[in-house]
Amino acid sequence: MSRISTLAGAVTCALALVTGSAVAASAAPIDLAPGAAAEAKVAAVNWAPCNPDPSKPDPGIYDCAVYPVPLDYDNPSGEKIGIAMMRRRASDPSKRIGSLFLNPGGPGGSGYLWATTTRFGTEVQSRFDLVGFDPRGVARSNPLKCFKTQEDADAVNGRMVGVPVTKAEINETLDADQDYTDACSKNAGPLIEHMSTINVVRDLDRMRRAVGDSQLNFAGFSYGTLIGATYAGMYPNKVRTIIVDGNVDPNLRLHDGLEYDRQRAGGFELALDEFLKRCQAAGAPRCAFGEGDTRAKFDQLRDHLRTSPVTLPNGSQVTLSTFTSEVASALYSQAKLAPLAKSLQATYQLVQKPAANTLMAPKATVSDDDANILAVNAPRALREAPVDSEYTADDSYMGVNCQDKPYPSNDRVFPNVAKAWEKESPTFGRYQAFDAPACASWPAPARDAERFSGPWNKKTSNTVMVIGNLYDPATQYKFAQRMQQQLGNAVLVSVDSIEHCAVGRSQALNALVTRYLVDGTAPKPGQLLKPDAAIFPAA
């Protein structure tokens with residue numbers, strides 16, 4: 001897809017995962033754990049053994065299922081859809097506490113294979129079943145599809161420009177957005193009316209009961225933090241432990257989609273600025289882009305790309321859209337920042353070759369090949385569709401966002417928005433502004449959808465653990481602060497890192513996470529932790 005949504009880096013909250021398979025659930029009812037007698041009975045999850053990676057020997061610790069939930073909770077006895085689930089069984093069943101449900105974000109990120117994640121330590125793995133699932137409309141869970149074939153999708157998506165600048169680019173992108181929503185209206189079916197987060201949370205609570213847990217244990221990353229916050233608001237007495245990492249601002253997101261996106265653009269700018277400062281402080285060769293004025297060099301490169309792509313020796317081109325999407329994607333992961341510096345320096349050198357005057361003669365060791373990454377659009381989302389699908393993607397990202405986030409119904413607002421945002425966020429303002437024009441003509445927009453929009457301050461039975469990186473690009477640190485303030489019973493732990501999401505990146509943080517999950521001990525407020533790895537390690 002030419003137009004790259006800011007979901008691109010949601011895959012960074014996920015680790016490298018492999019494909020699994022699902023087995024159907026039974027309809028046998030179960031009684032829930034003591035203390036939950038007042039809850040309605042639901043069907044048990046009928047787990048069956050499965051191998052997450054059939055190309056390798058079966059480790060014998062995983063089970064899969066497809067769990068039926070109502071398509072429309074206003075008609076719970078009506079049509080059902082299946083939620084694909086995978087669990088990694090607790091390695092010490094005698095000390096098992098319960099299930100830990102996991103969501104990687106997006107919206108549209110597949111969580112099915114998150115049962116295989118190593119983000120959590122051995123003590124957590126021994127005491128909990130790790131349960132990953134694809135939310136409704138995502139990947140294996142009745143994927144929301146706006147196209148019947150990949151050819152149809154490419155014909156529309158290929159006309160979209162990620163960062164449209166010229167009038168022609170803007171008009172073609174908006175026209176393609178309209179064709180996209182027309183296709184969704186024609187092909188997506190009734191599921192498109194029921195993609196809002198409130199329904200994901202209802203599914204989650206039903207799964208919680210179906211595995212026999214009296215209270216929920218949940219870890220949500222990025223968009224998954226909205227799932228956690230919504231659960232806390234809807235079922236405050238059913239919270240045992242909820243971790244929200246890489247936080248949205250739930251109140252803003254559910255009440256003003258445009259302002260939320262404007263502030264997201266600002267978060268990317270803050271992260272970029274900190275990256276450039278730390279790069280310059282490290283200097284070359286530790287940071288390949290660190291020779292001279294990094295801010296001036298970056299701005300010169302970006303402004304050059306607004307009017308002229310950079311042609312690489314292999315014939316590919318770095319455009320403003322590929323450049324912006326890849327810089328955004330790299331900011332999601334600290335491990336990508338040093339390679340990003342190499343790519344920036346290599347591209348900068350190519351731009352400077354014809355010029356007699358340069359901002360600084362390059363001294364870092366990079367090659368033209370290092371620029372290649374900036375010539376490729378970052379992937380739209382984490383997709384794990386079956387390989388035999390005629391249309392391999394799904395459209396859950398827009399399906400959820402357009403039902404949760406209120407946007408103007410006139411898509412011609414967005415070019416003016418882009419122009420204004422670009423003044424305050426010169427790298428990411430226009431990029432972010434063109435993330436949501438499709439919501440203007442979405443067949444089931446937020447203004448017509450069933451949504452949970454608060455209150456968020458219900459006092460939960462146990463404390464929610466909020467985690468925020470100081471320089472999180474996609475969900476800036478202010479969002480984590482607001483999440484903690486909006487929730488009725490929450491504590492914030494901060495990490496001094498340029499990255500999206502923090503669990504698994506700091507031993508000190510993971511020690512707090514383990515004690516919270518296992519013992520229910522909430523961290524002390526006001527803690528500022530460090531990541532384990534340095535961005536630009538000394539030689």
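Predicted model: local features only at pLDDT ≥ 70, side-chain atom pairs only at ≥ 80, totals over all residues.
Colleague: What makes the contact between arginine 505 and glutamate 499 a salt bridge?

Modeller: The closest N and O atoms of arginine 505 and glutamate 499 are 3.1 Å apart, and because the cut-off is within 4 Å, the pair counts as a salt bridge. Glutamate 499, at 4% relative accessibility, counts as buried.

Colleague: How do you know that arginine 140 is buried?

Modeller: Its relative accessible area is 19%, and buried means under 20%, so arginine 140 is buried. Its salt-bridge partner is aspartate 134, with 3.1 Å from N to O, and aspartate 134 is buried too, with a relative accessible area of 0%.

Colleague: Is aspartate 303 buried or partly exposed, and why?

Modeller: Aspartate 303 has 38% relative accessibility, and therefore counts as partly exposed, whereas arginine 302, with a relative accessible area of 7%, is buried. The side chains of these two residues meet in a salt bridge at 3.1 Å, N to O.

Colleague: Which residues are linked with them in a network of salt bridges?

Modeller: The network links Arg302 and Asp303 with Asp273, Lys277, Arg295 and Asp299.

How values were computed
Residues numbered from 1 in each chain as written. Heavy atoms only, no water. Buried < 20%, exposed > 50% of the residue type's maximum accessible area, 1.4 Å probe, protein only.
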